[in-house]
Amino acid sequence: MIIFLLIIAAIALFVSMTLISKTAIRIILSLISAVVVVGSSVLMVMNDREHFGMHKTTETTTQEIYSVSPSKQMNMLLYKSIGTADKERVYLYNETASQKTPSHTAADKTTNTVHTTTKDSARLVKKTTRWVYKNGTYQFWFGIAGNNREVSKRVNTFYVPKNWLTLSTTQATKLGKLVKQNQTQMKKDAAQYVKTKVTATVKATLTDAMKKDPTMSAADQKKLTEETTKKASAQFAAQYQAQAMQKLIEEAKK
């Protein structure tokens, strides 16, 4: 509304200075109009630059988020750096488990941090600070600027489980290529690793069991061997997978 007051005051100033012949009236009306023009202009500038008539409010929301990785065995939170200095990042995440196109954080007026959590699920805490008018009067006069609820800053805090990876989009692409390139060799190495570890574990377990019970029957020995083999195979397969992936991740980050 103040813009209309400014226009009216400017027209009144022009009329007062050009069309009113009586000196006293012309001076008085011109001064009043000039004061309104200057005052309106100053208040508009203050509203635009310093948010005159407004105050800050902060809204906090918490939502569960999901990995953007298509692999269920490798959960990821990705980011894309803005600029070459990597001072600003846009993070990519899914808001639903079935989401195909990832959501992303805003680029401007935004601070992002990532923390690990002991919980099994990941979550995003958003704190958005906005400029809002103090009351209806201020909004009536300055609301035409369209700056009500203008974002002052955003603070996004990601809490992800320890088994999640936080990688750049470039690193994630590189990691995918490394996995494909090494997949065949990893299978061979995994088989050999598991075989060696399982053999040693079964032998140690049987030796320990025979010391405790020298009269253990062949059937019991066979049962213990099968149980130990099954448990050790799963354990060492997962162990090798974790170690191998960690090496590839370190390579991808270079």
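**Close-up views of a predicted model**

**View 1. The buried face of helix 5.** In helix 5, the buried residues are Thr 228, Ala 232, Phe 236, Tyr 240, Ala 244, Met 245, Leu 248, Ile 249 and Ala 252, where buried means under 20% relative accessible area, exposed means over 50% and partly exposed lies in between, with a 1.4 Å probe and protein chains only. This is a predicted model, in which local features need pLDDT of at least 70 and side-chain atom pairs count only at pLDDT 80 or more, while totals for chains, interfaces and linings use all residues. Residues are numbered from 1 along each chain as its sequence is written, and side-chain values use heavy atoms, with hydrogens and water left out. Helices (H or I, at least four residues) and strands (E, at least two) are DSSP runs, numbered from the N terminus. Helix 5 takes in 35 residues, 218-252, and reaches 50 Å from its first C-alpha to its last, close to the 51 Å expected at 1.5 Å a residue; the expected span is 1.5 Å times one less than the number of residues. Its buried residues pack against strand 8 (165-168) and helix 4 (169-212).

**View 2. The largest nonpolar core and Leu 175**. A nonpolar core is a set of buried Ala, Val, Leu, Ile, Met, Phe, Trp, Tyr and Cys residues joined through side-chain atoms within 4.5 Å, and the largest one here has 24 residues, of which Met 76, Leu 165, Leu 167 and Leu 175 have the most contacts inside it. Strand 2 (76-82), strand 8, helix 4 and helix 5 are the elements that give two or more residues to this core, and helix 4 supplies the largest share, ten residues. At least three residues of this core come from each of domain 2 (56-136 + 146-163) and domain 3 (169-253). If neighbours within four places in sequence are left aside, Leu 175 is in contact (heavy atoms within 4.5 Å) with Met 74, Met 76, Leu 165, Leu 167, Met 245, Leu 248, Ile 249 and Ala 252. Apart from this core lies another, of ten residues, including Ile 65, Tyr 91, Tyr 93 and Ala 122. In soluble globular proteins, nonpolar side chains tend to be buried together.

View 3. The protein is divided into domain 1 (1-50), domain 2 and domain 3, with bounds that come from an automatic or database domain assignment, and the centres of domain 1 and domain 2, taken over C-alpha atoms, are 47 Å apart. Helix 2 has 28 residues, which should span 40 Å at 1.5 Å a residue, so the 39 Å between its end C-alpha atoms agrees with that expectation. Ser 30, Ser 33, Val 37, Ser 40 and Asn 47 are buried in this helix, and what covers its buried residues includes helix 1 (2-19), strand 1, strand 6 and helix 3 (136-142). A polar atom of the Ser 30 side chain lies 2.6 Å from the backbone oxygen of Arg 26. Not counting residues up to four places away in sequence, Ser 30 touches Leu 13, Ser 16 and Met 17. Just after helix 2, His 51 takes a positive phi of about 60°.

**View 4. Strand pairing and the position of His 55**. Strand 1 and strand 6 (residues 122-133) run antiparallel and are joined by twelve bridges, two strands being paired if DSSP finds at least two bridges between them. Within this pair, Glu 59 has Thr 128 of strand 6 as its bridge partner. Strand 6 also runs antiparallel to strand 7 (residues 150-161), to which nine bridges join it; here Leu 124 is partnered by Phe 158 of strand 7. His 55 is placed in strand 1 (residues 54-65) and counts as partly exposed because its relative accessibility is 32%. Residues up to four places away in sequence not being counted, His 55 touches Arg 130, Trp 131, Val 132, Tyr 133 and Lys 134. The C-alpha atoms of His 55 and Ser 40, which are 15 residues apart along the chain, are separated by 20 Å.

**View 5. Positive phi at Lys 109** **and at Arg 149**. Lys 109 has a phi near 55°, a positive value in a residue other than glycine, and its place is in the loop between strand 4 (103-104) and strand 5 (110-117). Lys 109 counts as partly exposed because its relative accessibility is 41%. Arg 149, although not a glycine, has a positive phi of about 65° and is found in the loop between helix 3 and strand 7. With a relative accessible area of 38%, Arg 149 is partly exposed.

Key:
A polar contact is a pair of N or O atoms within 3.5 Å; within protein, one must be able to donate a hydrogen and the other to accept it, and residues adjacent in sequence count only if both atoms are side-chain atoms.
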